[in-house]
Amino acid sequence: MNRRNVYFFYKKEDDTIEYVKKLHKLADENQFTVVEDHAKANVIVSIGGDGTFLQAVRKTNFREDYLYAGISTTGSLNLYCDFHADDTEKMLEAMKNELIEVRRYPTIEVKVDDNPSFYCLNECSIRSAIIKTLVLEVYVDDLHFETFRGDGLIISTPTGSTAYNKSVNGAVVDPLLPCMQVSELASLNNNQYRTLGSSFILSDTRKLVLKDVQDGNDFPTIGMDNEALSIRNVQQIEIKLSEKRIKTVKLKDNSFWEKVKRTFL
């Protein structure tokens, strides 16, 4: 596939706008077409950091036929950003190569009650929005697994395992494994109440169902990557690994584990 239609996704800030003008000129000089409508693009370039990349994927509807590339303007490479802002030559070289390798990042699909499904590239989090313990009945497929009491749960993808999930001591998971991870937020464990007390990993064939116990804490905050979803009177949340895979540029010597080493070690 000849990927020549490029859409730039970025925050409308003075420094970034000036940088995008330079990218626009560079793209024109190298026979790329910069489009203003992402639906007409086949390459989406996010300019910023990982948060901007997540927004770019969400705002362009998690398209599987796009190639996503991230340019970091934060001074260092991020998990989703393979290019430095000052190294556009490397990006051009990668984009010109029609035999370019891509990495495919898994996503999770979330359905809240009867609302339309939405997708997450990093994680879906369910947290109490008030100072009151959130009570969730946790089902794995049709098995009632546990009754969770605490601040909430994080359900992460393998790539999202290095984000919010890692901050609560969840495991870092290789994205070649089709799975999702469930991690607790301040669970309540004593002689009366009990949860597993550790993160656990579910395969791509499993479905996680969370039923909100209607005890006055019926308006949890539901996080979709770095956005919040507002739904009143939540009763049930279904989460499973989606068939959607987000394609990103795969550069030599920049595997997921090299990114993890560079970021954390």
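Reader: How many salt bridges does the structure hold?

Author: The structure holds 7 salt bridges, a salt bridge being a side-chain nitrogen of Lys or Arg within 4 Å of a carboxyl oxygen of Asp or Glu. Please note that this is a predicted model, in which local features need pLDDT of at least 70, side-chain atom pairs count only at pLDDT 80 or more, and totals for chains, interfaces and linings use all residues. Residues are numbered from 1 along each chain as its sequence is written, and side-chain values use heavy atoms, with hydrogens and water left out.

Reader: Which residue forms a salt bridge with Asp82?

Author: Asp82 pairs with Arg103, and the closest N and O atoms are 3.4 Å apart. Asp82 lies in the loop between E4 and strand E5 (83–84) and Arg103 in strand E6 (residues 102–112), so the bridge ties together parts that are 21 residues apart in sequence. Helices (H or I, at least four residues) and strands (E, at least two) are DSSP runs, numbered from the N terminus.

Reader: Is Asp82 buried or exposed?

Author: Asp82 is buried, with a relative accessible area of 5%. Arg103 is buried as well, at 10%. Buried means under 20% relative accessible area, exposed over 50%, and partly exposed in between (1.4 Å probe, protein chains only).

Reader: And which residues do salt bridges with shared partners join into one network?

Author: That network consists of Asp82, Arg103 and Lys259.

Reader: What about Asp141 and Arg206: how do their side chains meet?

Author: They meet in a salt bridge, at 2.9 Å from N to O. Asp141 belongs to the loop between E9 and E10, and Arg206 to the loop between E13 and strand E14 (207–212), so this pair ties together parts 65 residues apart in sequence. Asp141 is partly exposed at 24%, and Arg206 is partly exposed at 39%.

Reader: Where do Glu18 and Lys21 lie?

Author: Both are in helix H1 (residues 14–29), 3 residues apart, which is about one turn of the helix. Glu18 forms a salt bridge with Lys21, with 3.4 Å between the closest N and O atoms. Glu18 counts as partly exposed at 44% relative accessibility, whereas Lys21 counts as exposed at 51%.

Reader: Turning to the rings, how many aromatic pairs are found?

Author: A search of the whole structure finds 7 aromatic pairs. Rings of Phe, Tyr and Trp (its six-membered ring) pair if their centres lie within 6.5 Å; planes under 30 degrees apart count as stacked, over 60 as edge-to-face and the rest as tilted. One of the pairs is Phe62 with Tyr119, which is tilted, at 6.0 Å centre to centre and 45 degrees between the planes.

Reader: Which parts does that pair tie together?

Author: Phe62 lies in the loop between helix H2 (50–59) and strand E4 (67–72), and Tyr119 in strand E7 (residues 118–120), so the pair connects parts that are 57 residues apart in sequence. Phe62 counts as buried, at 4% relative accessibility. Phe145 and Phe200 form a tilted pair as well, at 5.1 Å between centres and 55 degrees between planes.

Reader: Which residues form one aromatic cluster?

Author: The cluster is formed by Phe53, Tyr66, Tyr68, Tyr80 and Tyr105. Phe53 is also one of the buried residues of H2, a helix that is mostly covered, with 7 of its 10 residues buried.

Reader: What does Ile237 touch?

Author: Not counting residues up to four places away in sequence, Ile237 touches several residues, including Val110, Ile126, Leu208 and Ile222; contact means heavy atoms within 4.5 Å.

Reader: Finally, where is Ser242 placed?

Author: Ser242 is in strand E17 (residues 236–249), and at 5% relative accessibility it counts as buried.
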